[in-house]
Amino acid sequence: MKSTVLLSFLLLLSFTISAQDNAGIRAYTGITSAKNRVAAITPANTSHTGYHIGADGRLNSGKMFFVVGLRYTKLDLIANSNDSYFEVESNHTIFSGRVGLGWHLIQFGPVGSIRGKALLQLDSNGNYDDSLLSAPYDSLVGATAGVTLGLGVQLRFLTLDFEYEYGLVNQYSQQKETKADSFSLSAGVFF
């Protein structure tokens with residue numbers, strides 16, 4: 001069911017983008033590091049590390065554009081001090097939908113630009129092993145939301161982006177202040 005919805009969304013996005021002049025899709029992959037604001041979940045000097053893949057559609061030409069995208073993230077559920085982004089030990093998957101605005105802050109003619117973005121992001125918790133969790137933090141909510149701010153560079157069709165997501169919704173059921181924040185670094189292509 002999720003794959004059907006994802007495929008339908010990508011087809012709709014590609015048809016919408018093809019109708020725009022100078023619009024396109026940025027396909028990307030990279031690393032993510034998240035921290036929960038509660039020290040019992042993410043102790044000092046630890047983080048929830050992993051990787052992500054995604055695609056963001058850019059609608060509109062000119063200095064300002066709309067962004068609509070999907071993202072898949074795989075992180076460690078249990079925080080650790082090991083920064084092994086591609087060897088996730090305690091699997092936690094997150095499916096995200098994103099929408100917002102982007103700007104070409106500095107344009108380098110037809111060669112590229114430095115971009116900024118502000119997005120609202122809905123993060124749906126996918127698979128995770130709840131037996132690894134302990135009370136009172138033993139139940140993740142179905143979905144959280146956050147605000148994502150980012151800066152990126154585009155040179156021709158290559159992109160490099162840095163993003164920060166500020167969590168707005170508690171990550172654990174009936175536990176206050178369990179919001180999570182994350183940093184991510186992505187490399188991709190724009191077509």
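Gly146 is buried, because its relative accessible area is 2%, and buried here means under 20% relative accessible area, with exposed over 50% and partly exposed in between (1.4 Å probe, protein chains only). This is a predicted model, in which local features need pLDDT of at least 70 and side-chain atom pairs count only at pLDDT 80 or more, while totals for chains, interfaces and linings use all residues. Residues are numbered from 1 along each chain as its sequence is written, and side-chain values use heavy atoms, with hydrogens and water left out.

Gly146 belongs to strand E6 (residues 143–155); helices (H or I, at least four residues) and strands (E, at least two) are DSSP runs, numbered from the N terminus. Leaving aside residues up to four places away in sequence, Gly146 touches Leu119, Leu120, Gln121, Glu165, Tyr166, Gly167 and Leu168, where contact means heavy atoms within 4.5 Å. Between Gly146 and Lys179 there are 9.1 Å in space, C-alpha to C-alpha, and 33 residues in sequence.

Thr49, in strand E2, is likewise a buried residue, as its relative accessibility is 0%. With the sequence range of up to four places again set aside, the contacts of Thr49 include Thr32, Ser33, Lys74, Leu75 and Tyr85.

I turn now to the charged pairs. The whole structure contains ten salt bridges, a salt bridge being a side-chain nitrogen of Lys or Arg within 4 Å of a carboxyl oxygen of Asp or Glu. Asp161 and Arg26 form one of them, with the closest N and O atoms 3.1 Å apart. Because Asp161 lies in strand E7 (residues 158–167) and Arg26 in strand E1 (residues 24–36), this pair ties together parts that are 135 residues apart in sequence. Are these two residues buried or exposed? Asp161 is buried at 1% relative accessibility, and Arg26 is buried at 4%.

Asp161 also forms a salt bridge with Lys117, again with the closest N and O atoms 3.1 Å apart. That pair links distant parts of the chain, namely Lys117 in strand E5 (residues 112–128) and Asp161 in strand E7, 44 residues apart. Lys117 counts as buried, at 9% relative accessibility.

Another salt bridge joins the side chains of Arg98 and Asp56 (3.0 Å, N to O). Here strand E4 (residues 91–107) supplies Arg98 and strand E2 (residues 48–59) supplies Asp56, the two being 42 residues apart. Both residues are buried. Which residues make up the network of salt bridges? Arg26, Asp56, Arg71, Arg98, Arg115, Lys117, Asp161 and Glu163 are linked in it.

Finally, the cavities. On a 1 Å grid over the protein atoms alone, a cavity is a set of points where a 1.4 Å probe fits but cannot get out, and lining residues have an atom within 4 Å of a point. There are two cavities of 30 Å³ or more, a volume being the space filled by probe spheres set on the points, which are joined across faces, edges and corners.

The largest cavity holds about 400 Å³. Its lining has 35 residues, and Ala34, Ile94, Asp123, Glu165 and Ser182 are the closest to its centre. Strand E8 gives the largest share of this lining, five residues.

The second largest cavity has a volume of about 100 Å³. Among the residues lining the second largest cavity are Arg26, Asp56, Arg115 and Lys117. Two or more residues of that lining come from each of E2, E3 and E5.

Technical notes
On a 1 Å grid over the protein atoms alone, a cavity is a set of points where a 1.4 Å probe fits but cannot get out, and a pocket is an open set with protein on both sides within 12 Å along at least five of seven lines; lining residues have an atom within 4 Å of a point.
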